[in-house]
Amino acid sequence: SITAVVEVDNDGVITAKAPGTAIVSVRPAEQQNDDVSAQCKVTVSLAIEDITLTDADGNSVFSVTVRGGEGIVINAAPVPEDIVLSEDFKWSVSDEDLISIETEGENKRTARIKGLQGGSAIVTVSHGDVEKSFRVNVEIPAQAIALSSTNLSIRLGDSSNLSATVTPENTTDELTWESADSSIASIYNGEVYGNSPGKTTITAK
């Protein structure tokens, strides 16, 4: 059987010729009775050449940053855009502990990506043999900082340790220390050094 869409030989091997849909029928060679036959619907589609990824604003996506507990919508589109897809897009992530993915829409073109824990993971979108990946960075912002002391007295030339407790513990923010006047007191890795008589403020942020 030969059509514009597929070609079928006597062994039942189907060869795709052009995009479209065709009905392939089989019956005993010595009979023309349609009561003794079977049919198969065959859909032929073009293979996509590439995948484009965009955010909700239509911007191209190569790397995105989300906060823990929050999410972002990413859309996948085939190249060429008007191609008829024969299967869904497949979404996967390198670390499921860091982010979750929920797909929706026609052919699962849309994914809602939510940050779970601080860190970085790779999301891969594939269709057939074509795939595209992008990095997702999850940030856990600090909500509060508590110091071991809010009033220190240090002798000239001595030092005293000042520690900070950051909430939540899994924050991805880096703690930095500052002295309002390092000529009076300086700080390095939480150790405060008395450099000259006077008063100053040490800040952790």
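**Cores, pockets and salt bridges**

Me: Which residues have the most contacts inside the largest nonpolar core, and how many residues does that core have?

Reply: A nonpolar core is a set of buried Ala, Val, Leu, Ile, Met, Phe, Trp, Tyr and Cys residues joined through side-chain atoms within 4.5 Å. Buried means under 20% relative accessible area, exposed is over 50%, and partly exposed lies in between (1.4 Å probe, protein chains only). Here the largest core has 25 residues, and L53, I74, W91, I99, V123, F134 and V136 have the most contacts inside it. Keep in mind that this is a predicted model: local features need pLDDT of at least 70 and side-chain atom pairs count only at pLDDT 80 or more, while totals for chains, interfaces and linings use all residues. Numbering runs from 1 along each chain as its sequence is written, and side-chain values use heavy atoms, with hydrogens and water left out.

Me: Which strands supply at least two residues each of this core?

Reply: Strands are DSSP E runs of at least two residues, numbered from the N terminus. The suppliers are β5 (50-55), β6 (63-67), β7 (71-79), β8 (90-93), β10 (110-115), β11 (119-127) and β12 (130-139). β12 gives the largest share, 4 residues.

Me: What does F134 touch, leaving out residues up to four places away in sequence?

Reply: Contact means heavy atoms within 4.5 Å. F134 touches L53, V61, F62, S63, V64, I74, W91, I113, A121, I122, V123 and V125. There's also a second, separate core of 7 residues, with V6, A22, V24 and V42 among them.

Me: Where does I187 sit, and is I187 buried or exposed?

Reply: I187 belongs to strand β17 (residues 185-188), and its relative accessible area is 16%, so it counts as buried. Beyond neighbours within four places in sequence, I187 contacts W177, E178, V192 and I202. For a sense of distance, pick S60: its C-alpha atom is 43 Å from that of I187, and the two are 127 residues apart along the chain.

Me: I see I202 there. Which residues lie nearest the centre of the largest pocket?

Reply: On a 1 Å grid over the protein atoms alone, a pocket is an open set of points where a 1.4 Å probe fits, with protein on both sides within 12 Å along at least five of seven lines; lining residues have an atom within 4 Å of a point. I202 is one of the residues nearest the centre, along with L152, S153, A185 and T200, and the lining has 22 residues.

Me: How many salt bridges does the structure hold?

Reply: Look for a side-chain nitrogen of Lys or Arg within 4 Å of a carboxyl oxygen of Asp or Glu. The structure holds 4 salt bridges. One of them joins D50 and K132 at 3.5 Å, N to O. That pair links distant parts of the chain, with D50 in β5 and K132 in β12, 82 residues apart. D50 is partly exposed at 31%, and K132 is partly exposed at 28%.

Me: What are the N to O distances for E87 with K90 and for E104 with R112?

Reply: E87 and K90 come to 3.3 Å, and E104 and R112 to 3.2 Å. E87 is partly exposed at 31%, as is K90 at 49%. E104 is partly exposed at 35%, and R112 is partly exposed at 42%.
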